Amino acid sequence: MQEKYHIVTYGCQMNVHESEKIAGVLRRMGYEEGSGTEDADIIVFNTCCIRENAENHAFGNIGALKKLKKSKPSLIIAVGGCMTQEKGKTDVLKKKFPFIDIMFGTLNLEELETLILRKKQQKKKVIEIREKEGDIVEDIEAYRTSYPNAWVNIMYGCNNFCSYCIVPYVRGRERSRKPENIINEVKRLVAEGYKEITLLGQNVNSYGTDGGSEINFAQLLDEVASIEGKFRLRFMTSHPKDFNEDVVLVMKKHPKICRLVHLPVQSGSNAILKEMNRRYTREKYLLEIETLKKHLPEAEVTTDIIVGFPGETEEDYLQTEDLVKTVDYASAFTFVYSPRQGTKAATMENQIPENVQKDRIMRLVELVNGLTRKKSEKYVGKIVEILCEDYDEKKGLYLGRDEFGRMGYFKSEKNLVGEFVNVKILRANGISLFGEIAGEDANAEC
Ligand code: 5AD
Ligand code: SF4
């Protein structure tokens with residue numbers, strides 16, 4: 001019987017895609033996907049350490065496996081991802097969870113197969129964390145699980161050292177993939193029928209500046225968007241210090257590039273942006289939005305915001321609120337600042353008390369939700385093109401997203417996953433839209 005794997009993923013899209021690569025490695029080794037932890041022969045935790053709660057979540061889930069491992073000693077438990085790459089974290093993990101068999105990092109994912117084979121031959125645990133980034137390894141075939149969406153890394157690592165952020169410490173410096181490798185991967189995906197491609201990097205706008213590519217991000221985007229076939233193209237994440245008009249002009253040239261830019265602002269206060277080491281001002285940020293809208297008036301923006309950063313006054317916070325209203329984001333990911341050991345901000349004085357942080361996040365979430373709801377209501381009566389992604393058993397409806405990432409539900413007798421469907425929106429509920437296939441007499445259950 002084939003051995004089974006189970007992968008548990010925490011954190012961002014980057015990690016979700018990395019788990020697809022982990023699945024690729026495991027399948028190449030002959031494992032097949034199991035139905036959960038119970039029937040697995042190997043369980044891999046792909047961890048995230050960007051905020052404390054992501055770490056705690058992983059700790060809880062790993063700890064919960066103690067009994068299972070005891071009753072099934074042949075089970076291999078492997079822990080990888082950002083957490084193992086954190087200084088001193090493998091020692092913490094070893095102490096807390098002596099039953100972990102393998103630890104690997106974000107910088108040596110390609111070694112996973114060797115590490116598993118080594119573990120199978122020895123009783124001792126296998127811990128292999130590379131400290132420094134090596135060359136990009138191109139031959140890991142991801143096992144994709146998100147049809148019709150596909151993620152494609154264009155670069156790895158980050159050079160920015162925002163003062164709150166641990167990513168540069170756990171993912172190393174920026175390394176860009178060669179354009180031909182990216183283009184070939186996208187061509188292959190489009191030929192295989194993928195309908196939405198998202199180019200991934202911590203700061204896609206600095207693509208190539210590490211010397212890994214002769215072309216810059218705008219040129220890469222242009223080339224990828226020139227690939228034939230009907231598909232949507234997205235990219236994330238853009239850094240406001242590097243986002244520029246060239247990229248907007250490429251967007252304008254290619255209708256297949258979604259008119260949605262994820263442009264994390266983090267704070268609306270110049271004083272806080274400076275302390276965060278973001279290297280742009282509120283004014284520069286707003287100017288970029290203006291440039292975007294000048295060329296593409298229909299464009300929408302999403303963002304990331306942190307509240308409760310050390311030293312954030314009520315006045316600073318209100319500037320964030322003000323900026324949120326000014327930009328009128330399509331949606332925003334909002335976070336409470338979480339001190340990360342080893343980062344500059346963790347040692348800053350004037351950390352903000354938890355009750356103040358909580359109060360601000362609640363107010364911000366309310367503001368953002370209000371804006372999102374209002375935008376949803378504007379959809380009612382309109383026909384939007386939805387890329388059908390899945391079927392919701394509970395609702396009995398198909399679902400998918402429009403080019404602005406808005407989730408839409410609709411009824412269909414036919415399986416439409418992977419198809420672009422024109423849906424007439426009948427009702428909005430919070431951030432979700434409900435409608436019927438345009439031109440057909442299909443009633444949505446809304
Ligand atoms: N605390 C809270 N949020 C953080 N982010 C990154 N580091 C931290 C931290 N220490 C947020 C930023 C980033 C997103 C991916 O996570 O908003 O854009
Ligand atoms: Fe972290 Fe800043 Fe790099 Fe984004 S750009 S990954 S927030 S250091």
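Visitor: Which residues in helix 13 meet helix 14?

Guide: E314, Y317, L318, E321, V324 and K325 in helix 13 meet R360, R363, L364, L367, V368 and L371 in helix 14. Contact means heavy atoms within 4.5 Å. Helices are DSSP runs of H or I with at least four residues; strands are runs of E with at least two, and both are numbered from the N terminus. This is a predicted model, where local features need pLDDT of at least 70 and side-chain atom pairs 80 or more, while totals for chains, interfaces and linings use all residues. Residues count from 1 along each chain, chains are lettered from A and ligands numbered from 1 as written, and side-chain values use heavy atoms, without hydrogens or water.

Visitor: At what angle do helix 13 and helix 14 pack?

Guide: Axes are lines fitted to C-alpha atoms over the stretch in contact, and angles between N-to-C directions run from 0 to 180 degrees. Helix 13 (residues 314-327) and helix 14 (residues 354-379) pack at about 10°, with axes 10 Å apart. The two helices are therefore roughly parallel (angles under 35 degrees). Their contact residues divide into seven nonpolar, no polar and five charged. Here Ala, Val, Leu, Ile, Met, Phe, Trp, Tyr, Cys and Pro are nonpolar, Asp, Glu, Lys and Arg charged, the others, Gly among them, polar.

Visitor: Which residues surround ligand 2?

Guide: The shell is C158, N160, F161, C162, Y164, C165, V167, P168, Q202, H239 and R278 (a heavy atom within 4 Å). By class, that shell has seven nonpolar, three polar and one charged residues.

Visitor: How many cavities of 30 Å³ or more does the structure hold?

Guide: A cavity is a set of points, on a 1 Å grid over the protein atoms alone, where a 1.4 Å probe fits but cannot get out; lining residues have an atom within 4 Å of a point. Points join across faces, edges and corners, and volume is the space filled by probe spheres set on them. The structure holds one such cavity. About 280 Å³ of space lies in the largest cavity. Its lining has 17 residues, and T106, E110, V137, Y156 and R175 are the closest to its centre. By class, the lining has six nonpolar, three polar and eight charged residues.

Visitor: What phi does N277 have?

Guide: N277 has a positive phi of about 60°, although it is not a glycine. N277 lies in the loop between helix 11 (270-275) and helix 12 (282-295).

Notes. Parallel < 35°, antiparallel > 145°, perpendicular 65-115°, else oblique. 1 Å grid on protein atoms, 1.4 Å probe; cavity = no way out; pocket = protein on both sides within 12 Å on 5 of 7 lines; lining within 4 Å.
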